[in-house]
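The sequence and the structure are shown first, and the description follows.

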Amino acid sequence: MSNRMSVWDTPDKPCPYCGAMCSAEFVDIGVGMQQCGPYHCEECGATEMGPGTTPDKPLIFLERETGWTKRPAAKTPLQQQVRSLFADTVSDAFMEASDHNYRCRCPKCLAWWVTIGPEDTGSEWSFGPFTEAEFIAGGGEVPEYVTF
Ligand SMILES: [Zn+2]
Ligand SMILES: [Zn+2]
């Protein structure tokens, strides 16, 4: 048995809060696997802090110690924009989903993405944490992508 990590490994990590094994998303970058999303604990909801997952409040001791948080992340510019656009016209569940982590895959967040539509990354549509198939299955319509 060897402890050597291969660049092709996508290792699970224990959650520092509850000890459950957590996984993250990795992409194949040709010379190895690169982590492209934070580790997230399905058991207790803790998330590894990073871009899009760090609270906009000062970090508490446990967060500084572990690098993980259980608090909602600072809103992304898209989330802030949506919040101000729809503040008076949509349901509380919808507003609540705006506060969820950008990568949250709960049913409310799927409904949120379906309502808002895909996000333009500059080169293609992004459906946040969902796949195009999931987005369509949730009732979303994918507009034709036009590059200028
Ligand atoms: Zn946990
Ligand atoms: Zn959610």
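## Domain arrangement

In this predicted model, the centres of domain 1 and domain 2, taken over C-alpha atoms, are separated by 21 Å. Domain 1 covers residues 13-69, while domain 2 covers residues 77-137.

## Packing of α3 and α4

Two packed helices are described by the angle between their axes and the distance between the axes. For α3 and α4, the axes come within 9 Å and cross at roughly 95°. Because angles of 65 to 115 degrees count as roughly perpendicular, α3 is roughly perpendicular to α4.

On the α3 side, the contact is formed by Ala 93, Phe 94, Glu 96, Ala 97 and Ser 98. Their counterparts in α4 are Lys 108, Cys 109, Ala 111, Trp 112 and Thr 115.

## The surroundings of Cys 104

Cys 104 is located in the loop that lies between α3 (92-99) and α4 (107-116). Cys 104 counts as partly exposed because it has 19 C-beta neighbours inside 10 Å, whereas a buried residue would need 20 or more.

Leaving aside residues up to four places away in sequence, Cys 104 touches Cys 109 and Pro 129. Of these, Cys 109 also takes part in the contact of α4 with α3. Gln 81 lies 23 residues from Cys 104 along the chain, and the C-alpha atoms of Gln 81 and Cys 104 are 18 Å apart.

Note on methods. Residues are numbered from 1 along each chain as its sequence is written. Chains are lettered from A and ligands numbered from 1 in the order in which they are written. This is a predicted model: local features need pLDDT of at least 70, side-chain atom pairs count only at pLDDT 80 or more; totals for chains, interfaces and linings use all residues. Domain bounds come from an automatic or database domain assignment. Helices (H or I, at least four residues) and strands (E, at least two) are DSSP runs, numbered from the N terminus. A residue is buried if 20 or more other C-beta atoms lie within 10 Å of its own, exposed if 12 or fewer, and partly exposed in between; C-beta atoms are placed from the backbone. Two residues are in contact if their C-beta atoms, placed from the backbone, lie within 7 Å. Axes are lines fitted to C-alpha atoms, for helices over the stretch in contact, and angles run from 0 to 180 degrees between N-to-C directions. Angles under 35 degrees count as roughly parallel, over 145 as roughly antiparallel, 65 to 115 as roughly perpendicular and the rest as oblique.
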